[in-house]
Amino acid sequence: MGDDVGSGDDVGSGDDCNYYDDEEDGDQDYSDDGDEYFAGFEALENDVVLDSPSSRPSTKVITRESLLAAQEEDLHKVMELLALKEHHARTLLIYCRWDIDKVLAVLVESGKDKLYAAAGIKVVEHDDHFSSQLSPIVTFTCNICFEVLSADMVAIMDCGHYFCNDCWTEHFIVKINEGQSRRIRCMAHKCNAICDEAKIRQLVSTRDPILSEKFDRFLLESYIEDNRRVKWCPSVPHCGNAIRVEDVELCEVECPCGKQFCFSCMSEAHSPCSCIMWELWSKKCHDESETVNWLTVNTKPCPKCHKPVEKNGGCNHVSCLCGQSFCWLCGGATGKDHTYTSITGHSCGRYRDDHEKNAALAKQYLERYLHYHNRYKAHKDSCTLESNLKDTIQQKINMLEEEVSTTKDFSWLTNGLYRLFCSRRVLSYSYVFAFYMFGDDLFKDEMSKEERKIKRNLFEDQQQQFEEHVEKLSSLLEKFGSCLEDEITSFRMTIITLSMAIDNHCRNLYEYIETDLLGSLKRTVHRIAPYRSKGVEKAFT
């Protein structure tokens, strides 16, 4: 985005962060390509089982051009409902994080007076009374600088407090620069009222027009930064779009730029992993922590060249490739004279009995990590390579549409290709899920060893069947480029059948994960985005 996109200057501490709290972060400045191989395909049609429209949350794209219209739409709803001025409606919506349903719920529960007081709204018409006092002979004393000034040098807010224009201006400038532009409170002691944005704009623009524009931009972008139903697309470089969802439950969405992401944690779409699982896995892969762990336990740095050295024998006298000898027990440099039990001129105590045990455990843990990581990466790599099928199959379709006279409907083919891409993604993340679900990192005390073994076997049986069908579909689609005209009917029936079978396998796998695995947890709560036969939800404009 631009240079000064905010991130919520007063996010609250109420339930689910539904309210503003002035102690939180202020306005901030903002300026991996998504899963590009998932973009560009139409959703599956009648050849496969689809989700019902009611089960899918509608998502909408908010562009830079439509941002103002989207904000004004919500503002006008509240203005008409509560007969408020625009700046009061904005104050109320920012306080409730642009959740109109929350506004109505609190209004019914607590009443208008308590809601307005908590939001910092003072609906009192002081302007007419104050204007009647405006006269060249009337003076006012500012309670900040104690200057005696004429009425035209003083500004009054909705709460009834007035100070001189210079003091107000300094106050506004400081607050905007501190990142509190969305909810600037009155300067009066213990006054909770939020200042009128029009008066802020008028006073600040006289002193600093650029800062006034920044203030307006923060107010506009608060619709995204402070709205729990709206989030910026995390694409890099940023596409400039924001996504709005009607259902704030866990979901995965796709921006028109092609970026697919989890609306909850803003990472790439990662179901059937929970957000916590994916966060831990991303860190593990990024830091290569398992390799580092194994090297730490199984190697010692050479005291001369500092490269890791692994001991390949029982003798505690070790020689590095650089020629330096050192003691395996303490890592200290030694001479070359030694026996099996001692090193000449060197003594460092007894050998630790738990060293070999720790090394074996570290090696076992690393092997388990590599097992799941290799399969996770293999399916990610397959998906990347299979993305090339898109152009190949489209060329074949174009050729067949010119030559084949029996049928020109090849939607089943693009549907099958889209099913392949979606299934590859789910398969890759299913290995990440299995790594944590059946390991000791997160759920060590949730299941007995016997129960864990039974559930793992059931999961792996479903995963294996799912994987076999995906590989068959992949092989069949690769062969389609060289199929003959009389083989098209057979290809069509096989691809449709495989697509439906894969959809059912994937649906069953999600159901088992949600119900029997994550649903049975007692000490922790992990939730995943629900399965969608059409794939990740595409946002519309």
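Hi everyone, let me start with one glutamine: Gln 463 counts as buried, at 5% relative accessibility. Before I go on, please keep in mind that this is a predicted model. Gln 463 is found in helix H14. Which residues does Gln 463 contact, leaving aside its neighbours within four places in sequence? They are Leu 427, Ser 430, Tyr 431 and Leu 509.

Helix H14 brings us to the core. The largest nonpolar core has 57 residues, and those with the most contacts inside it are Trp 281, Leu 413, Phe 433, Met 437, Phe 459 and Leu 477. Which elements give two or more residues to this core? They are helix H9 (275-287), helix H11 (355-386), helix H12 (389-403), helix H13 (411-437), helix H14 (449-479) and helix H15 (488-517). H13 supplies the largest share of this core, with 15 residues. As general background, nonpolar side chains in soluble globular proteins tend to be buried together.

Let's stay with Trp 281 for a moment. If we don't count residues up to four places away in sequence, Trp 281 touches Tyr 369, Tyr 372, His 373 and Tyr 376, and also Val 432, Phe 435 and Tyr 436.

Now to the strands. Here we have an open sheet of three strands in the order S1-S7-S6, with antiparallel pairing. Strand S1 (59-62) and strand S6 (230-232) are at the edges with a single partner strand each, so one side of each has no neighbour in the sheet. On average, neighbouring strands of this sheet are turned by 25 degrees against each other, direction ignored.

How many bridges join S1 to S7? There are four, and these two strands run antiparallel.

Are the faces of S7 covered or uncovered? Both are covered: Ala 242 and Arg 244 on one side, and Ile 243 and Val 245 on the other, are all buried. Helix H8 (residues 209-225) lies across S1, S6 and S7, and runs at about 105 degrees to S6.

Next, have a look at helix H7 (residues 197-207). Its buried residues are Glu 197, Lys 199, Ile 200, Leu 203 and Val 204. Looking down the axis of H7, these buried residues fall within an arc of 155 degrees, so they line one face of the helix. The face of H7 turned away from that buried side carries the exposed residues Gln 202 and Thr 206. The general rule here is that an α-helix has 3.6 residues a turn, so residues three or four places apart point the same way.

Last stop, the cysteines. How many disulfides does the count come to? The count comes to zero. Take Cys 159: the closest cysteine sulfur, in Cys 186, is 3.7 Å from its own sulfur, too far for a bond, given that a disulfide needs the pair of sulfur atoms within 2.5 Å. Cys 159 counts as buried, at 18% relative accessibility. Cys 327 also counts as buried, at 2% relative accessibility.

Key:
Residues numbered from 1 in each chain as written. Predicted model: local features only at pLDDT ≥ 70, side-chain atom pairs only at ≥ 80, totals over all residues. Heavy atoms only, no water. Core = buried A, V, L, I, M, F, W, Y, C linked by side-chain atoms within 4.5 Å. Buried < 20%, exposed > 50% of the residue type's maximum accessible area, 1.4 Å probe, protein only. Contact = heavy atoms within 4.5 Å. Pairing = 2+ DSSP bridges. Axes fitted to C-alpha atoms, helices over the stretch in contact; angles between N-to-C directions. Arc of directions from axis to C-beta.
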